[in-house]
Amino acid sequence: MAYKTFANGFPLPASDLNNFLMNQSVIVFADSAARGTAIPSPVQGMLTYLEDTSSYESWNGSAFVGISNPGDITAVTAGTGLTGGGTEGDVTLSVDTAQFITSDTVTTSQDLIVADGASSVTRLGVGADDQVLSVVAGAVAWADAGGGSMTLLSTTTLTGSIINLTSIPQTYKDLRLIIRNYKHLTPASNRAVSMRFNGDSTTKYYSTTNNTFVNAEFSSTSFTIAPNHLTSISQGLVSILIPDYANTTTVKFADSIGIQNNNENEYGSTNWNYSRSAGFYEEADAITEVNLISESLDFDGGTALLYGVN
Amino acid sequence: MTNPTIKIVNVSTGQETERPMNANELSVYNQDQLNAESKRQAESEKAEARSAAEAKLLALGLTTEDLKALLG
């Protein structure tokens with residue numbers, strides 16, 4: 001259909017009346033049947049209103065089709081975790097924060113979120129260094145590790161002829177002594193490191209480097225714990241375990257493993273020697289003191305690290 | 001002559017003290033050195049005996065490689 005602007009004095013033929021007025025107004029019918037009878041040849045764009053269905057329909061060139069397009073949504077219902085909704089007009093849906101964990105549950109970096117009830121949560125602040133997540137009195141909590149830990153008790157530079165590590169705490173299961181980079185001052189030949197306990201220099205010690213059953217004869221005043229080592233090399237390393245050192249009911253021992261340079265090779269060459277030995281102490285007293293004795297005149301450097309082991 | 005020194009480390013407090021040995025400590029230390037020397041001497045004699053035995057085996061026609069294989 002076209003559009004025409006009429007001016008005063010224009011003639012108004014029936015065709016203009018039909019084309020520019022009748023066909024472009026909303027024509028009301030009781031129903032579609034009445035419309036079909038009245039308009040057997042509709043033109044594209046013609047607009048009608050049917051009283052029986054209260055609907056506006058337009059001729060698209062081949063049929064009358066509805067133009068109100070009301071959609072088929074009749075209600076918006078708030079589902080799980082949502083609030084709001086409605087059946088008409090603007091509808092708002094909101095998240096029901098009571099159903100979710102929100103970011104304001106945590107307040108500090110490294111916080112964890114734990115349940116403190118069947119359907120409630122709370123924050124758990126980070127623990128201290130080296131703590132582990134544990135259960136304390138039935139609740140999740142950061143706590144000190146209950147086992148498998150080593151605590152450095154002392155770090156001692158090896159100088160002088162004897163090192164006495166005294167007043168050893170009795171609160172650990174085992175002691176671990178690491179001797180690294182040790183050297184002797186003189187002479188420039190191989191020298192070992194001996195050990196005794198509690199300053200006891202009586203003949204209560206026995207040592208062995210084999211693993212067979214023997215009749216231990218506690219006839220020495222110390223035992224060798226770090227075998228011969230050249231004075232010119234400082235790369236030796238020895239690890240010594242003193243298990244169950246605080247008990248007062250058993251004899252004690254130290255188990256040693258290490259590597260050191262020893263030029264007394266039976267074939268005349270200098271090489272690195274692996275050592276494995278154990279020293280035994282015929283005394284049930286708890287070990288409160290560990291004594292390291294240079295079998296040379298003096299230690300010439302190196303470090304002894306004493307750990308308490310749990 | 002100054003006595004050899006002894007370093008005492010109180011593991012509980014971390015306090016370190018290094019001082020010359022007293023007479024009793026020196027006596028024990030000297031005995032330790034004598035014992036160590038005796039031990040080294042015994043080990044040396046053992047090594048010499050082993051070397052002598054190896055020399056005898058070499059004289060019988062065994063090679064150094066044979067000895068290593070045999071004695072480790």
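Asp130(A) lies in the loop between β9 (120-124) and β10 (132-136) of chain A, where strands, like helices, are DSSP runs numbered from the N terminus (E, at least two residues, for strands; H or I, at least four, for helices). This is a predicted model, in which local features need pLDDT of at least 70 and side-chain atom pairs count only at pLDDT 80 or more, whereas totals for chains, interfaces and linings use all residues. Residues are numbered from 1 along each chain as its sequence is written, while chains are lettered from A and ligands numbered from 1 in the order in which they are written.

The phi angle of Asp130(A) is near 75°, a positive value in a residue other than glycine. Asp130(A) counts as exposed because it has 9 C-beta neighbours inside 10 Å; with C-beta atoms placed from the backbone, a residue is exposed if 12 or fewer other C-beta atoms lie within 10 Å of its own, buried if 20 or more do, and partly exposed in between. Ala137(A), found in the loop between β10 and β11 (139-143) of chain A, also has a positive phi, near 55°, and it counts as exposed because its C-beta neighbours inside 10 Å number 5.

## A three-stranded sheet in chain A

In chain A, three strands form an open antiparallel sheet in the order β5-β6-β7, pairing being assigned if DSSP finds at least two bridges between two strands. The edge strands, each of which pairs on one side only, are β5 (76-77) and β7 (93-95) of chain A.

Between β5(A) and β6 (residues 82-86) of chain A, which run antiparallel, there are two bridges. Thr77(A) has Gly85(A) in β6(A) as its bridge partner.

## The contact between chains A and B

Contacts (C-beta atoms, placed from the backbone, within 7 Å) link 20 residues of chain B with 25 residues of chain A. On the side of chain B that touches chain A, β1 (5-10) and α1 (23-59) of chain B each supply at least two residues, and the largest share, nine residues, comes from α1(B). The residues of this side divide into nine nonpolar, seven polar and four charged, where Ala, Val, Leu, Ile, Met, Phe, Trp, Tyr, Cys and Pro count as nonpolar, Asp, Glu, Lys and Arg as charged, and the others, Gly among them, as polar.

Strand pairing also crosses between the chains: five bridges join β13 (residues 162-166) of chain A to β1(B), and these strands run parallel. Within β1(B), Ile8(B) is the bridge partner of Asn164(A).

Definitions and conventions:
Contact = placed C-beta atoms within 7 Å.
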